[in-house]
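Work through the exercises below with the sequence and coordinates at hand. Each task is followed by a stepwise solution.

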Amino acid sequence: PLLKRSEWLHVWNARFVVLTTEVLAWLRTAAVLDGGEKEQRAVLLHSSLRLDASDGETLQITVPGGAPLMFRASSAAELRSWHRVLGSLLSALQAEAAEVAAVLRERSSLLAPRPCTELAHMGSRNMRASRITKVWYLCASASADESFARSGPLIDPYRASALAPTGGGGLAGLGGSGGSGGSGENGGRALLLLSLLQLPTAWPLWEGAAPRAFHSILEQLAGSGVPGLLPPIHAEALPRRRRVLVLRRLLPRGSLRDHMHAVSTPTLPSSVKYGTALLSHPASAVLTAAASAAALAAERSSRHSGSAPPRLNAALERSAVPLPARLASSVGRRVLAAAAALEARGLPASHLHAGNVL
């Protein structure tokens, strides 16, 4: 329970506040945890948010394009705790954004200099780890090189009509193509998904022969001809940054998990796609995920002709729909064949799940 300052009346109201790795949400009561609360508002965590609690009494969140959000706790110790936990999440997002900006400058032959679009919560790894461990970015290639498998114009990935990227990249089981082609406002450059994976704890060892061995393995994968394997467009160890740069192709059909959840826009945050989503704070220009979440709910409700659109939570709490037996058999056969081919080359098919089958 916290006090939140109303942006309209400038009075302090009691609210039940929930923090996840994706959102800071506030509700009138805790009944939302039992499905009883209908009024839900939240701010999507993003590197552009700024946090301040310098006066010792108020936690202030600066939201680009909107009024600042202001909260108070029952004690100074509780306020410091909120500031520490929320601050650690935002600091992690801001650190990743700074690393990506540096990569854009240093890899101008690969990537266009324009800023990437942050997709901090597209995957589910952060939610599972309860911290920021992996952030995706939607970027444009430096040129209209056909080898990047063009995917169309650079667009807002949170719009309901946006192209859908992969959920993580890995084994191709649904038969999706590289994209629609076309030039659009991006001049024919490819849309790429960028991620910076952290090197293991023994990262200083990567200063020697390890990077060469890493790149050799990637080259073998790319040239292996394993059916159903979708290698990254580019992968490069960056020992000084303690990162591995990975660029993946943008696939409009998403992953097997997206297919099972009837998700047409896989660039949405993970909780919107697969779980209970909290509506966003309308004053924020950053929080366009709210409009997409509503669009997704409306899209699903349209299947029930003649009925009123269900509440957003009700639409998104539905579990995944099992695959038809014939499709499940086809997908499973191709995934197992690709995994067996990797095993035969001494490479384990690890971290294999529905989000990595494309």
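**Exercise 1.** In this predicted model, list the residues in contact with Ser 195, leaving aside its neighbours within four places in sequence.

Solution. 
- Step 1: Locate the residue. Ser 195 belongs to strand 10, which covers residues 191-198.
- Step 2: Collect the contacts. Ser 195 is in contact with Lys 134, Val 135 and Trp 136, and also with Val 244, Leu 245 and Val 246.

**Exercise 2.** Decide whether Ser 195 is buried or exposed.

Solution. 
- Step 1: Take the cut-off; buried means under 20% relative accessible area.
- Step 2: Apply it. Ser 195 has 1% relative accessibility, so this residue counts as buried.
- Step 3: Of the 358 residues in the protein, 45% are buried.

**Exercise 3.** Describe the largest nonpolar core and state which elements give two or more residues to it.

Solution. 
- Step 1: Count its members. The core holds 37 residues, and Leu 24, Leu 45, Ile 61, Phe 71, Leu 111 and Leu 194 have the most contacts inside it.
- Step 2: Assign elements. Two or more residues come from each of strand 3 (23-27), strand 6 (59-62), strand 7 (69-72), helix 1 (76-106), strand 9 (136-140), strand 10 and strand 12 (243-249).
- Step 3: Find the main contributor. Helix 1 supplies the largest share, 9 residues.
- Step 4: Another one, of 7 residues, lies apart and includes Leu 119, Met 122, Leu 138 and Leu 250.

**Exercise 4.** Give the share of contacts with a separation of 6 or more that join residues 24 or more positions apart.

Solution. 
- Such pairs account for 68% of these contacts in the protein.

Terms used
Residues numbered from 1 in each chain as written. Predicted model: local features only at pLDDT ≥ 70, side-chain atom pairs only at ≥ 80, totals over all residues. Heavy atoms only, no water. Helix = DSSP H or I, 4+ residues; strand = E, 2+ residues; numbered from the N terminus. Buried < 20%, exposed > 50% of the residue type's maximum accessible area, 1.4 Å probe, protein only. Contact = heavy atoms within 4.5 Å. Core = buried A, V, L, I, M, F, W, Y, C linked by side-chain atoms within 4.5 Å.
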